[in-house]
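Reader: Good morning. Could you take me through this model, beginning with the loops and then turning to the packing?

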Amino acid sequence: MEAYRQKLQQYEQIFTRATQQEYPLGEVKRNELRQEQQNLSLKNEDIVPIETRITAEIEAYLQKIQQYEQVFIRATQQQYPLSTIQRICFTIRRTKSM
């Protein structure tokens, strides 16, 4: 059972690295991941929860970035350049949302 958990953890690391390099994943990366899955002797039902969780985290992060960009664009349309206080507020918002 410990060996199985290590394989799952290893696949999670591989999948995370792949999504850091390319997101959404292209066909070449997908094929590489399938090969890694086979090398680790993992079934689809083993890896789906890992991929689903990590993909959801990425999508949530991208959504936060998009929201931040929209707020930033509105602020800069109202006043440019931004005042020191506005820049500080954006910095605080950004760090709170991460």
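Reader: Where does Pro24 lie?

Author: Pro24 is in the loop between H1 and H2. Helices here are DSSP runs of H or I with at least four residues, strands are runs of E with at least two, and both are numbered from the N terminus. Please note that this is a predicted model, in which local features need pLDDT of at least 70, side-chain atom pairs count only at pLDDT 80 or more, and totals for chains, interfaces and linings use all residues. Residues are numbered from 1 along each chain as its sequence is written, and side-chain values use heavy atoms, with hydrogens and water left out.

Reader: What kind of peptide bond joins Tyr23 and Pro24?

Author: The bond between Tyr23 and Pro24 is cis, with omega about -5°.

Reader: And what is phi of Ser41?

Author: Ser41 has phi near 55°, a positive value in a residue other than glycine. Ser41 sits in the loop between H2 and H3.

Reader: Is Ser41 buried or exposed?

Author: Ser41 counts as exposed because its relative accessibility is 54%. Buried means under 20% relative accessible area, exposed over 50%, and partly exposed in between, with a 1.4 Å probe and protein chains only.

Reader: Turning to packing, at what angle do the axes of H1 and H2 cross?

Author: The axes of H1 (residues 2-21) and H2 (residues 27-39) cross at roughly 170° and come within 11 Å. The two helices are therefore roughly antiparallel, a label for angles over 145 degrees. Tyr11, Ile14, Phe15, Ala18 and Gln21 of H1 make the contact with Lys29, Arg30, Leu33, Glu36 and Gln37 of H2, where contact means heavy atoms within 4.5 Å.

Reader: Which residues have the most contacts inside the largest nonpolar core?

Author: They are Tyr11, Phe15, Leu33 and Leu42, in a core of 13 residues. Such a core is a set of buried Ala, Val, Leu, Ile, Met, Phe, Trp, Tyr and Cys residues joined through side-chain atoms within 4.5 Å. H1 gives the largest share, five residues.

Reader: What does Leu42 touch?

Author: Setting aside neighbours within four places in sequence, Leu42 is in contact with Tyr4, Lys7, Leu8, Tyr11, Gln37 and Ile47.

Reader: How many aromatic pairs are there?

Author: There is one. Tyr11 and Phe15 are stacked, at 6.3 Å centre to centre with 20° between the planes; rings of Phe, Tyr and Trp (its six-membered ring) pair if their centres lie within 6.5 Å, and planes under 30 degrees apart count as stacked. Both Tyr11 and Phe15 are buried.

Methods
Axes fitted to C-alpha atoms, helices over the stretch in contact; angles between N-to-C directions. Parallel < 35°, antiparallel > 145°, perpendicular 65-115°, else oblique. Phe/Tyr/Trp six-rings, centres within 6.5 Å; stacked < 30°, edge-to-face > 60°.
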